[in-house]
Amino acid sequence: MKLSSISEKKDFMKKVNIIIDTREQKNAHILNELDRMGIMHESKKLDYGDYSFQADGKDFSSVCVIERKANVNEVYGNVSSDREQIEKELDTACKNANQLILLVENIKDWESMKAFMLSDKDMDGNDRKVRNIGETCYSTLQAWRCGNRYDFTVEFVPDISKTAIKILEAFYWYYHNYKKLTAPRK
């Protein structure tokens with residue numbers, strides 16, 4: 001990485017303010033890591049998504065958002081039980097935001113998601129009928145993320161201690177490109 005990129009990232013980290021939707025729950029691991037790194041953050045109602053940011057007095061909360069899912073079980077609940085609600089949220093976000101990332105924690109990649117199976121304990125304790133919920137999540141998200149549907153990206157964070165870093169990285173690159181596009185021409 002070039003020195004200019006390193007200094008640009010450090011500068012961004014000093015001035016970024018992460019916005020966390022007031023409805024976001026069970027995110028202490030993210031808040032603790034942001035605090036540990038000295039990153040400003042605030043809880044505020046977002047129209048869509050769970051995370052966005054402000055930097056240099058500019059609010060990016062309507063154009064760059066992250067929707068976080070804690071695990072494949074949560075994704076499955078969204079695509080099966082809460083399907084109408086999640087599709088409405090995705091539709092709104094994708095019609096308004098330039099960038100929407102669906103961030104799925106506790107899973108490594110697409111193949112891991114596709115192969116995800118509920119344990120016997122999870123099957124018995126919850127009256128579940130489908131064991132291979134990962135395949136349902138995989139197929140649904142692949143269809144939804146296409147440009148002719150909702151046009152969003154899916155990223156994975158297998159280690160939740162890295163979620164805050166992943167969020168910051170996504171926002172840094174969006175901001176980096178914004179600065180390049182809005183810089184005066186030479």
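The legends below describe several close-up views of a predicted model.

**View 1. The largest pocket and its lining.**
The largest pocket of this predicted model has a volume of about 640 Å³, and 24 residues make up its lining. Among these lining residues, Asp50, Glu67, Lys69, Glu74 and Glu89 lie nearest the centre of the pocket. Two or more lining residues come from each of strand 5 (64-69), helix 3 (72-80) and helix 4 (83-96), and helix 4 gives the most, with seven residues. Sorted by class, the lining of the largest pocket holds 13 charged residues, together with six nonpolar and five polar ones.

**View 2. Salt bridges of Lys69 with Glu67 and Glu74.**
Side chains of opposite charge can pair when their charged atoms come close. In this view the side chain of Lys69 meets that of Glu67 in a salt bridge, at 3.0 Å from N to O, and the side chain of Lys69 also meets that of Glu74 in a salt bridge, with an N to O distance of 4.0 Å. Lys69 counts as buried, at 6% relative accessibility, and Glu67 is likewise buried, with a relative accessible area of 8%. Glu74, in turn, is partly exposed, because its relative accessible area of 30% falls between the 20% and 50% limits.

Rolling a probe the size of a water molecule over the atoms shows where empty space is left. The structure holds one cavity of 30 Å³ or more, and the volume of the largest cavity is about 50 Å³. Its lining is formed by Lys69, Val75, Asn78, Val79, Ile86, Leu90, Leu102, Leu141 and Trp144. At least two of the lining residues are supplied by each of helix 3, helix 4 and helix 7 (133-144), and helix 3 gives the most, with three residues. By class, the lining of the largest cavity divides into seven nonpolar residues, one polar residue and one charged residue.

Lys44 and Asp59 form a salt bridge in which the closest N and O atoms are 3.8 Å apart. This pair links distant parts of the chain, since Lys44 is in the loop between strand 2 (40-43) and strand 3 (51-55), whereas Asp59 is in strand 4 (residues 58-59), 15 residues apart. Lys44 is partly exposed, with a relative accessible area of 30%, and Asp59 is also partly exposed, with a relative accessible area of 32%. The side chain of Asp59 makes a further polar contact, at 2.7 Å, with the side chain of Ser61. Ser61 lies in the loop between strand 4 and strand 5, and Ser61 counts as buried because its relative accessible area of 18% is under 20%. When neighbours within four places in sequence are left aside, Ser61 is in contact with Ile19, Leu46, Tyr48, Ser52 and Phe53.

**View 3. A network of salt bridges.**
A search of the whole structure finds 14 salt bridges. In this view, Asp11, Lys15, Asp56 and Lys179 are linked with one another in a network of salt bridges.

**View 4. Two loop residues with positive phi.**
Lys26 has a phi near 50°, which is a positive value in a residue other than glycine. This lysine is found in the loop between strand 1 (17-20) and helix 2 (28-37), and Lys26 is exposed, with a relative accessible area of 76%. Asp151, also a residue other than glycine, has a positive phi near 55°. Asp151 is found in the loop between helix 7 and strand 7 (153-157), and with a relative accessible area of 54%, Asp151 counts as exposed, because the value is over 50%.

Definitions and conventions
Residues numbered from 1 in each chain as written. Predicted model: local features only at pLDDT ≥ 70, side-chain atom pairs only at ≥ 80, totals over all residues. Heavy atoms only, no water. 1 Å grid on protein atoms, 1.4 Å probe; cavity = no way out; pocket = protein on both sides within 12 Å on 5 of 7 lines; lining within 4 Å. Points joined across faces, edges and corners; volume = space filled by probe spheres on them. Helix = DSSP H or I, 4+ residues; strand = E, 2+ residues; numbered from the N terminus. Nonpolar A, V, L, I, M, F, W, Y, C, P; charged D, E, K, R; others polar. Buried < 20%, exposed > 50% of the residue type's maximum accessible area, 1.4 Å probe, protein only. Polar contact = N/O pair within 3.5 Å; in protein donor to acceptor, adjacent residues only side chain to side chain. Contact = heavy atoms within 4.5 Å.
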